[in-house]
Amino acid sequence: MKYSTAILKNKPSNTISRLQNIVLFCLLVVSMQASAVDVGKGITLSVRQINKTFGGETIAFWVYCSIGGTGPGSCANPQLPGPLLELGVGAQANITLKVPMMMASEPPPYHGHTIHFHGLDVSQSEDGVPETGASVFGDQYTFSVDSRYVGGHKYHCHVHTVKHLEMGMYGAFVVRDVDQQGNFLKNINAGGPAYDDEWNWVLSTVDPSYHTAVGDSLVFASYTPRYFLVNGKEGLSRSSPAETLTSRVNSTVAIRLMGLHSTNATFQILNTEGTTQDFVLHNMDGFALNTPKTLTQIEVSPGQTKDIMITLPVNPGTLYPEVTYRRLRDDSSYSTVYSILTFN
Amino acid sequence: MTMEQTNLLQFQRIAIRRATDALRASLLFWPLILLNACTSPLPPPPPLEKDISVTPTTGLVTSENGASTFFTVSLRRQPTDDVSIPIQSTNEAEGRLTKETISFSPDNWSIPQRIAVVGVDDNIADGDIRYTITVLPAVSADNSFNGADATDVILTNIDNESAPQPVTNHVLYITTGVIEISASKISGNGVASLPSWGYSTDPTEAGTSPGPIIDALVGRPLTIRVVNRHNIAHQFDIPGLFTSTQTLLPNESLQVEITPTEAGIYRYGDPDVVNRSLGLFGAIVVRPANGSKTAWNNGPAYSQERNWVIADLDETWNRNAPAVNVSRYNPNYFLINGQNGFSAKEDTATTLKGSVGETILVRIANAGQYDQSLHFHASHFKIISQNGIKVRDIREAPSVTTINVKRASTAMILFPLAQPGIYPVHVHTAQMETGNGVYLNGTATFIIAEE
Ligand SMILES: [Cu+2]
Ligand SMILES: [Cu+2]
């Protein structure tokens, strides 16, 4: 349970009323993420259909889940996005995909599923692309990566991607720096600075018509997104944030922005006065920049991953990281997803 | 089950097959007995290669113009004594090193060292030649490093004896054309053909979209006469090279006289969004004057090049032009060099096909109205230029697998063929992966790398 330590650090602040605390606690429980899975230890994933309700509309999603256990992200408790997968540098990933035959699938020719490890530059046999030979009836994926890959990546299905990605078949994949014993380190990249807390944000968008159409339907000729998500949640306002993280003053927080959406998007962090805050861009698509860049806004386009770090102020307070989804033609705004970063 | 020195650290799968019996019991437990392992006497394990890291080991390019490159060597842990690593070029006539030994001490071990490799010139049209920098076993009093043999580096030295001299006088006729929606160039649901406008070099031929690629050299004058053979007025510009407010009525022409000063890719076309969407766009490729295979003079070298003109198309605009509602644009075709998905994967001018170890310069011009976020499988690549702004220090070029080529913008990337196989390149954006709803027919092509 990755964020439990951060949550336990949460001390009630004088400025927040008891009632608000209760509300906040409920939100934290609701937004708890699936536990991270170390794929170096071997994992079996499968696919389940779940329903989610956005704006009063019930929409079917297909999500990856891990076989075994009952926690969030397990197939007993499937979540959107799928479980966070982690791999240490030098370790061998060993991931088995079991494809259920009778559910959560399209008719031929787009039947079955695969896993594509987006950004990890795996060989053709592990690439998960049916058009270049990947099995869609279940597969085993093995690969390892060197220290250049320490950072944020993604995984998703590569069968009829226009539909299967939209259906929710995606999740975060993080390559971790390791010590001599192979233990995970909290470094933003190999040899890069350490962070205290981490936050993985999976960006995605939803066009409900894509969830019912199948095959080479004309529905897939245009995209009209209606719901805009971070980690499967809408976060329509600061009182109903998609994500909440409680950290400490003066600590560093790594935020990995993983673009699995189908629009443009920008990310920024505001303070309570509405002023944009500096943050440092360290990695693009999981590779370190030679010179990290200090920015106040960053673009995350479909398929991109950007890893940033922010050093929190010395006095307790709140910051508001947010993602604004934008149109491909003119970058005008569709919608903003709000989140809350508190530090005590 | 056999475990060898080379696979000790790998798990092995033991298959257990189900056996059928006549018992009716629903669940039976049975022991799986692992017998004692028999070992052959083993020498102590050799130092692990991964303690010395060399990156990258493929995809590097030098050139006969003297363009150099570098790789980085680092230790993954502290040695107890000095470690020296001898290095050699397998072909000093193509690439040479500036040092023969890399030395690390227990004090400076954590600082990665950049090792320069310089391209060597000759006067022979000998083509691009592959060579290797051999990283020999390390020498150290620290036994855990002594003998550690890291991966060698494969490079290509680019020949500079065979530069073609491009034509410097061009004529472009603005005329009507037809975009065929068929299996040959563009696939997708819908009508068989769409009216379009395009550029042609021959007044008797239909215009194509994109128009012809015009080759030019830095510092060399270039003239383009643009003749309007269409029935409505047009304009012409080349952002970054040429602007004009002149309106060309039917049968009028204008003369472009320019001398490019910066190598790269430029969009030419009609500045009006409707005219451009109907097909009036193309690209000019400006190469260094010395004919070197470098992205710009003294810039990064490459062994092959591709030019991608990408665009989008709303078929209702093509059917109704010029009477279109500019505020409503719903493109349903996404094109690369005038083709989509399954056609572009066969087109050798588009696919990234070559030998492992090669580096391909891809110049991309987005003439469309939508941003195209292009994702490449197989390898990270370097973004060396965006919208004409070059990354002068190649170390600062970001290594990515996705580049968002924004509407009406250009970019140049260096893509290394780092591993063998066939891999897709595609836009990562929902409907842009389709041709009017038919999957894998958006802006897409293939990486085809042979050993
Ligand atoms: Cu799938
Ligand atoms: Cu992807």
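The side chains of A:E299 and B:K406 meet in a salt bridge, with N to O at 2.7 Å; the term denotes a side-chain nitrogen of Lys or Arg within 4 Å of a carboxyl oxygen of Asp or Glu. A:E299 lies in strand 17 (residues 297-299) of chain A and B:K406 in the loop between strand 26 and strand 27 (409-416) of chain B, so the pair joins two chains. Strands are DSSP runs (E, at least two residues), numbered from the N terminus. This is a predicted model, in which local features need pLDDT of at least 70 and side-chain atom pairs count only at pLDDT 80 or more, while totals for chains, interfaces and linings use all residues. Residues are numbered from 1 along each chain as its sequence is written, chains are lettered from A in the order in which they are written, and side-chain values use heavy atoms, without hydrogens and water.

**Interface of chain B and chain A**

- On the side of chain B, 51 residues are in contact with 54 residues of chain A, contact being heavy atoms within 4.5 Å.
- The two chains bury about 4200 Å² between them, 50% of it on carbon and sulfur atoms; buried area is the accessible area (1.4 Å probe) that two parts lose on being put together, summed over both.
- In chain B, the residues that lose the most area to chain A are B:H380, B:H428 and B:Y439, together 17% of what that side buries.

**Salt bridges across the interface**

- The rule finds three salt bridges across the interface of chain B and chain A.
- One of them links the side chains of A:D331 and B:R407 (3.2 Å, N to O).
- A:E299 is partly exposed at 24% relative accessibility, and B:K406 is partly exposed at 22%; the class lies between buried (under 20% relative accessible area) and exposed (over 50%), with a 1.4 Å probe and protein chains only.

**Salt bridges within chain B**

- B:R287 forms a salt bridge with B:E305, the closest N and O atoms being 2.4 Å apart.
- B:R287 lies in strand 17 (residues 281-287) of chain B and B:E305 in strand 18 (residues 304-313) of chain B, so this pair ties together parts 18 residues apart in sequence.
- B:E305 also forms a salt bridge with B:R363, whose closest N and O atoms are 3.1 Å apart.
- B:R363 lies in strand 21 (residues 359-366) of chain B, so its pairing with B:E305 ties together parts that are 58 residues apart in sequence.
- B:R363 is buried, at 0% relative accessibility.

Definitions and conventions. Helix = DSSP H or I, 4+ residues; strand = E, 2+ residues; numbered from the N terminus.
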